[in-house]
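Subject: Structure handover

Hello,

Here is the structure I promised to pass on. Please open it alongside this email.

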Amino acid sequence: MTVTAIGRYEFKSRDRLENFHGNQVVYWHWEEHLMYCAALALPLPPSMPFRTVLTDILPGCYNLHPEWSRVEWDTVTWMLDQRPFKPVLDASLAANNIGHKSLLRFWTPGLHGIGGCAT
Amino acid sequence: MSKVSITLQNTDEGRLLVEAIVADNPAAEVSWMPALTKIDCEDRLSLRRETIEARFGRRYDLQELQLSLISLAGNVEEDDDSFTLAWAQGAGSRKA
Amino acid sequence: MNAMPPLPKQRKLSLKERYAHLTRGLGWETTYQPMDKVFPYVSYEGIKIHDWDAWEDPFRLTMDAYWKYQAEKERKLYAVIESFAQNNGHLNITDARYVNALKLFLTGVSPLEYSAHRGYAHVGRHFVGAGPRIACQMQAIDELRHAQTQIHTMSHYNKFFDGLHDPRHMHDRVWYLSVPKSFFEDACSAGPFEFLTAISFSFEYVLTNLLFVPFMSGAAYNGDMATVTFGFSAQSDEARHMTLGLEIIKFMLEQDEANVPIIQKWIDKWFWRGYRLLGLVSMMMDYMLPKRIMSWAEAWEMYFEQAGDALFEDLSRYGIRKPKYHEVASKEKHRLSHEVWSIFYNYTHAAAFHTWMPTEEEMTWLSAKYPDTFDKYYRPRFECWTEMQAEGKRFYNPTLPQLCVTCQIPMGFTEPDDPTTICFRSADYKGERYHFCSDGCKDIFQNEPEKYIQSWLPVHQIYQGNCGGAEVKDVLAWYHLNFGTDNFDYEGSPDQKLWEEWQAQKATNPV
Ligand SMILES: [Fe+2]
Ligand SMILES: [Fe+2]
């Protein structure tokens, strides 16, 4: 469908990759921990190894949660853009098929939030 | 089956209008809230100029309602003597 | 028995006659320029109008009556504003936390009044019939008055409280204000008939009761007589605007059967747009009013479920059904305000108003109003946050959130049937991914992707380097927000300190 308009109506996406100065935006969401109210948006270089996000980036995002220190990455299950996903930890985001505005959701077995109620 | 509704300010004039509405529409249900009063009534509700004038003790132009109104629900029909809110009688009767 | 003076000899014109003189025979077929050049926007949306004179303003307001009643409203309002200022009315509010609702109103809603003024002036020019032109002109003037009186009234609070100093600038820049701003710009950049369906019908008629009525009643309950007065002064115009909204819809529907599917699509779109916007109101009602009138869920039941049933039953004779996803909105009513408050609690360090955790007494109220959800899903979260704050570690989310491309709200809404899981929806368009908070927002995008790929999403704009810098402090400076006073929790804010000093003074020397 298109926009009903008085003339030609074509625009470039405002959030196209080239506008992010070499980064791509990737969304990360720790399931069942809604103390963090929404998925996080992170501008990351596509060449960054997946492991680096886990070791250097996400702790600064999530470590206020009392359960964060108990996350064991080898038990975590992932979804990338609505498909089940197994990250190759030492490969880059790009090599893991994580693109601009990809969404990564992860579940941490045994950790279901404060009081077990997804908080 | 459907209720029409009118909400008025709790001012001196607003209170008199509520009295007038209740007098003319015995089925009206009145809910008081801080600063406002909501009146609901099955299908239709009418304000009559005469009833209002009797309460106010002066001539009243129905367009003065503009000063006391907060909200309404229903189709409006206004002339010099009455102000009516109503939902259409029988769905499908006036299809375009 | 009747003390009234006798009727004057000369017959006065009836209301209907006076209105007919104002609105009939004023327009004409143009000859110097063809009609479609003079009214270039009136047909491209596909709405067919055969008889503009079929339009009738049910109030039949004429210009002289309009000026007379509007002047009377202004006179009353300014008398109250004057005495509020002279008597230091701000000291009579229930609690300074209440002022945060005003901050959100002044930065989020009042600029919309001004946008509405421009919108109605524009569409009033572009309709062919004199009836709708005059109704739109009156509304354009009303909306300008609303913007002015709101700014004027709240300027009194600006003398004492933080966050009220630059609403227009903030409206154009602050992240959460992109929600109301983009809503209205979406409507203003549509054609004139869609604009009226969006603002006059879906917003004013179907949803605006939820904004003004509980908010103004809440203001009264919380001792803010100035706000009550500007609210009612505006709302008395609103009743007329609502009637215009219903009238324009019926007018379009009656003109041509081919208009029906176009209008249904607009009703679906603008119901959902408006409902998402009202998420902000839900948190005002349940969290920001120290004394509460009714819960969001109760207001939704009264003003949408019951009133909407009657309305859409009435419109069903034209083949119009209830807006798509209304049942999702009803499913969300027991969690909406809690989810929205959580979003703002997460990001209060970047907001122009304060948030806080409800007191134990307030949580009891929330439990009672939301028996199926509050204790189960939200109380544990709030108790955890309260404890963290007591330990001096008030929770602020350090990372910016993912936003919905359509409504621009952080993606904090949960699945319609599962309050523990965020609702993620996405679509691909020309090789790029787009994310949405709901099926409603996704549908809106997919119907007009070219429009929403232009969304100015605050989080992405910060990452693109367009918002003053990369640090929170830089961005807040670009927002014209004062770091350390306007933002952060109410607990420890200068607003709180000042309020407590006043209360102490009141206690020592009662007037
Ligand atoms: Fe307005
Ligand atoms: Fe959305």
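Below are notes on the metal site, a sheet and some salt bridges.

One caution before the details: this is a predicted model.

**The iron site**

Start with chain C. Three residues coordinate the iron ion (ligand 1): Glu113(C), Glu143(C) and His146(C). The two glutamates use OE atoms, and the histidine uses ND1. Distances run from 2.0 to 2.2 Å. Along the chain, the donors follow the spacing E-x29-E-x2-H. Glu113(C) sits in helix H5 (residues 110–126) of chain C, while Glu143(C) sits in helix H6 (residues 130–158) of chain C, so the pair ties together parts that are 30 residues apart in sequence. Are these two glutamates buried or exposed? Glu113(C) is buried, with a relative accessible area of 7%. Glu143(C) is buried too, at 2% relative accessibility. The cut-off for buried is under 20%.

**The sheet in chain A**

Now turn to chain A. Look for an open sheet of five strands. Their order is S2-S1-S5-S3-S4 (chain A), and the pairing is mixed. Which strands stand at the edges? They are strand S2 (40–44) and strand S4 (83–85) of chain A. Each has a single partner strand, so one side of each is left without a neighbour in the sheet. From one strand to the next, the twist averages 30°.

Strand S1 (residues 24–30) of chain A and S2(A) run antiparallel, joined by five bridges. In this pair, Val26(A) stands opposite Leu42(A) of S2(A). A helix covers part of the story as well. Helix H1 (residues 50–62) of chain A packs on the sheet. This helix touches S1, S2, strand S3 (77–80), S4 and strand S5 (102–107) of chain A. The direction of H1 makes about 135° with that of S2(A).

**Salt bridges**

How many salt bridges does the structure hold over all chains? The count is 59.

- Arg75(C) pairs with Glu72(C), with the closest N and O atoms 2.9 Å apart. Both lie in helix H3 (residues 63–86) of chain C. They are three residues apart, so about one helical turn separates them. Arg75(C) is exposed at 53% relative accessibility, whereas Glu72(C) is partly exposed at 26%.

- Lys451(C) meets Asp186(C) through their side chains, 3.0 Å from N to O. Lys451(C) belongs to helix H18 (residues 449–452) of chain C and Asp186(C) to helix H8 (residues 178–188) of chain C, so this pair ties together parts that are 265 residues apart in sequence. Lys451(C) counts as buried, at 11% relative accessibility. Asp186(C) is buried as well, with a relative accessible area of 4%.

- Arg379(C) and Asp375(C) form a salt bridge, with 2.8 Å between the closest N and O atoms. Both are in helix H16 (residues 374–390) of chain C. They are four residues apart, about one turn of the helix. Arg379(C) counts as buried at 15% relative accessibility, but Asp375(C) counts as partly exposed at 40%.

Finally, the network. Salt bridges that share partners join six residues here: Glu77(B), Lys16(C), Arg24(C), Asp53(C), Glu56(C) and Arg60(C). Glu77(B) is from chain B, and the other members are from chain C.

Best wishes

Note on methods: Residues numbered from 1 in each chain as written. Chains lettered and ligands numbered in written order. Predicted model: local features only at pLDDT ≥ 70, side-chain atom pairs only at ≥ 80, totals over all residues. Heavy atoms only, no water. Donors = N, O, S within 2.8 Å, 3.2 Å for Na, K, Ca; no water. Helix = DSSP H or I, 4+ residues; strand = E, 2+ residues; numbered from the N terminus. Buried < 20%, exposed > 50% of the residue type's maximum accessible area, 1.4 Å probe, protein only. Pairing = 2+ DSSP bridges. Axes fitted to C-alpha atoms, helices over the stretch in contact; angles between N-to-C directions. Contact = heavy atoms within 4.5 Å. Salt bridge = Lys/Arg side-chain N within 4 Å of Asp/Glu carboxyl O.
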